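Hello,

Here is the structure I said I would pass on. My notes follow below it.

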Amino acid sequence: MVVRPSNDHYRWCGSWRAAMLAVAMLLFAAPADAHVGSPNVFYEGDAGPYHLFVTVNVPAVIPGVADVQIRADSGDVRQVSTAVTRLAGAGSKYAPVPDAAQRSPIDPHLFTSSLWLMEYGSMRVLINVAGAHGPAQMSVPVPSAARRMLPMPPALGALLLTLAIALAIGAISIIGGAARESRLAPGSPVTPELKRRGWRAMAITGVVVAAIFYLAFVWWNADAQNYAVITKIFKPPKLALTVVDGNRLAIRPSPDDKVWLKFKVMDGIVPDHGHLMHLFLVRTPAVDRIWHLHPNRQPDGSFVAALPPIEPGSYSVFADIVDKSGFPWTLVGSIDLPQINGTPLSGDDSGGNAPALTLSTDSAIDVLDDGTRVLWHRDDAALRANVPMILRFDVQDKNGKPATDLEPYMGMAAHAEIMSSNLQVFAHIHPSGSVPMASLMMASTNSADSMPGMDMNSARSVSPELSMPYGFPKPGHYRIFLQFKRADKIETAHFDTIVN
């Protein structure tokens with residue numbers, strides 16, 4: 001979600017900014033949203049012989065501080081350091097001096113560090129590991145973008161405004177005194193004419209100071225509007241959706257999103273999991289149907305998806321793409337669909353059904369129509385927001401035995417779509433985490449990473465034990481759609497949970 005400041009906020013910030021800009025800028029370095037409403041990065045992989053689970057808490061504003069957590073599977077890791085570079089291009093070759101991560105005094109497997117994200121765009125966190133098996137390195141892609149503007153604390157704002165007024169009064173008084181007495185001999189009385197000259201100088205200075213304040217307010221309001229609306233604040237781009245020929249969905253950026261069209265991101269996207277776009281249709285408000293489709297690009301740059309038979313209803317739409325720099329985008333929209341008499345699903349397209357989501361449901365097992373059983377291994381403790389975790393699932397056959405016929409699905413052991421009941425949170429994750437495969441492949445060209453769950457050989461089997469790193473970003477009720485491929489058939493299981 002994007003927090004949009006009010007006009008009063010702009011005017012209030014204007015007075016503070018004109019008073020003490022340098023102090024105000026210090027307030028823009030505190031952490032908060034790729035995907036939708038799920039800003040943090042989760043990655044599980046190998047740095048050489050060391051298996052790591054990495055969480056990057058992305059700051060809400062840029063420049064800002066990212067908190068990095070690195071958890072090692074074993075006690076073989078002695079030292080960890082971190083640094084930030086561009087994901088691709090010349091800047092990716094020149095890493096700054098790494099910062100040493102601190103080992104937790106409570107958990108010796110956990111290391112933490114803080115890194116400044118100074119630029120917008122596709123970045124990567126370089127993790128250097130030293131341990132019993134020698135040195136190793138890992139790269140974790142991180143999308144860096146401001147997602148909201150932070151308000152100034154009222155007390156500090158009042159203090160800065162008071163100081164600004166005091167400075168203005170002092171300046172006016174100094175100018176008045178200089179005009180009145182600067183040419184007066186020591187001990188000479190101040191004549192009425194000199195007093196009038198002093199008052200005139202103070203009046204002129206007052207007008208000048210008022211003009212400076214006014215122009216500062218105008219400049220800051222324009223700058224804040226530009227920052228929030230035009231250039232800096234990351235907003236999920238809007239989709240324009242149209243049903244054509246009764247069974248196809250045309251997808252293009254909304255013509256109202258001028259900034260998105262200006263940057264022409266759609267002209268430079270790269271395949272992710274073998275497709276340029278991953279399109280998700282979720283029926284609302286029940287969240288009881290999901291379609292995972294892969295539209296084809298058209299000569300005019302738009303996309304068209306062949307729709308399967310779809311029941312009528314209101315659908316929220318999410319379209320995942322990755323641009324050529326490795327930055328992930330999720331375009332959002334909604335559409336009311338009639339009954340669609342489309343074509344059967346084929347290729348990597350898939351769909352799933354579930355009961356209507358209720359605010360009291362909490363589930364850990366799903367039995368599919370063909371008897372496949374999927375178990376979510378959960379702790380007894382309630383889930384908590386902003387706590388990194390590993391989601392672990394087991395796929396069993398109808399007899400309760402581990403399924404032996406799982407296959408890679410679009411290069412991964414499985415995919416999962418996680419969404420809140422109000423769909424203000426939507427995340428598409430995999431066994432490697434929340435970053436797209438395309439970004440991981442860009443990062444892996446500069447390091448010796450391995451990406452768990454990735455298997456581009458469709459003939460090989462996949463373990464029935466599936467795991468995915470994630471952290472629910474806020475309290476609420478969530479539904480997880482888990483998708484995997486078994487015996488050449490794409491299956492979709494669902495799980496519900498409450499996050500405190």
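Methionine 410 sits in the loop that runs between strand 23 (406-407) and strand 24. In this predicted model, methionine 410 has a positive phi of about 55 degrees, although it is not a glycine. Most residues other than glycine have a negative phi. The relative accessible area of methionine 410 is 7%, so this residue counts as buried.

Histidine 273 can be read alongside it. Its phi is near 55 degrees, again a positive value in a residue other than glycine. Histidine 273 belongs to the loop between strand 12 (269-270) and strand 13. Because its relative accessibility is 4%, histidine 273 counts as buried.

Two peptide bonds are also worth a look. Most peptide bonds are trans. The one from isoleucine 62 to proline 63 is cis, with omega near 0 degrees. Proline 63 lies in the loop between strand 2 (50-57) and strand 3 (64-72). Threonine 284 and proline 285 are likewise joined by a cis peptide bond, with omega about 0 degrees. Here the proline, residue 285, is in the loop between strand 13 (278-284) and strand 14.

Next, the nonpolar cores. The largest has 33 residues, and those touching the most other members are Leu391, Leu466, Tyr470, Phe472, Leu482 and Phe484. Strands that each supply at least two residues of this core include strand 21 (373-377), strand 24 (415-420), strand 25 (426-429), strand 27 (465-470) and strand 28 (476-486). Strand 22 gives the most, with five residues. A second, separate core has 30 residues, among them Ala72, Ala101, Leu117 and Val142. In soluble globular proteins, nonpolar side chains tend to be buried together.

What is phenylalanine 472 in contact with, leaving aside its neighbours within four places in sequence? The partners are Leu383, Ala385, Asn386, Met389, Leu391, Ile418, Tyr478, Ile480, Thr497 and Val499.

Threonine 372 is in the loop between strand 20 and strand 21. Its relative accessible area is 0%, so threonine 372 is buried. Apart from neighbours within four places in sequence, threonine 372 is in contact with Asp366, Val367, Val395, Gln396, Phe484, Arg486 and Glu491. Of these, Phe484 was named above among the residues that touch the most other members of the largest core. From threonine 372 to glycine 400 the C-alpha distance is 8.3 Å, with the two residues 28 apart in sequence.

Glu491 comes up again in the second largest pocket, where Gly351, Lys489, Ile490, Glu491 and Thr492 are the lining residues nearest the centre. The volume of this pocket is about 480 Å³. Its lining of 21 residues divides into six nonpolar, seven polar and eight charged. Strand 14 (289-293), strand 19 (350-353), strand 20 (365-367) and strand 29 (489-499) each supply at least two residues of that lining.

Last, helix 3, residues 154-181. At 1.5 Å a residue, its 28 residues should span 40 Å, and the end C-alpha atoms are 40 Å apart, so the two values agree. Which residues of helix 3 are buried? They are Gly157, Leu160, Ala164, Ala168, Ile172, Gly176 and Ala179.

Regards

Key: Residues are numbered from 1 along each chain as its sequence is written. This is a predicted model: local features need pLDDT of at least 70, side-chain atom pairs count only at pLDDT 80 or more; totals for chains, interfaces and linings use all residues. Side-chain values use heavy atoms; hydrogens and water are left out. Helices (H or I, at least four residues) and strands (E, at least two) are DSSP runs, numbered from the N terminus. The expected span of a helix is 1.5 Å times one less than its number of residues. Buried means under 20% relative accessible area, exposed over 50%, partly exposed in between (1.4 Å probe, protein chains only). On a 1 Å grid over the protein atoms alone, a cavity is a set of points where a 1.4 Å probe fits but cannot get out, and a pocket is an open set with protein on both sides within 12 Å along at least five of seven lines; lining residues have an atom within 4 Å of a point. Grid points are joined across faces, edges and corners, and a volume is the space filled by probe spheres set on the points. Ala, Val, Leu, Ile, Met, Phe, Trp, Tyr, Cys and Pro count as nonpolar, Asp, Glu, Lys and Arg as charged, and the others, Gly among them, as polar. A nonpolar core is a set of buried Ala, Val, Leu, Ile, Met, Phe, Trp, Tyr and Cys residues joined through side-chain atoms within 4.5 Å. Contact means heavy atoms within 4.5 Å.
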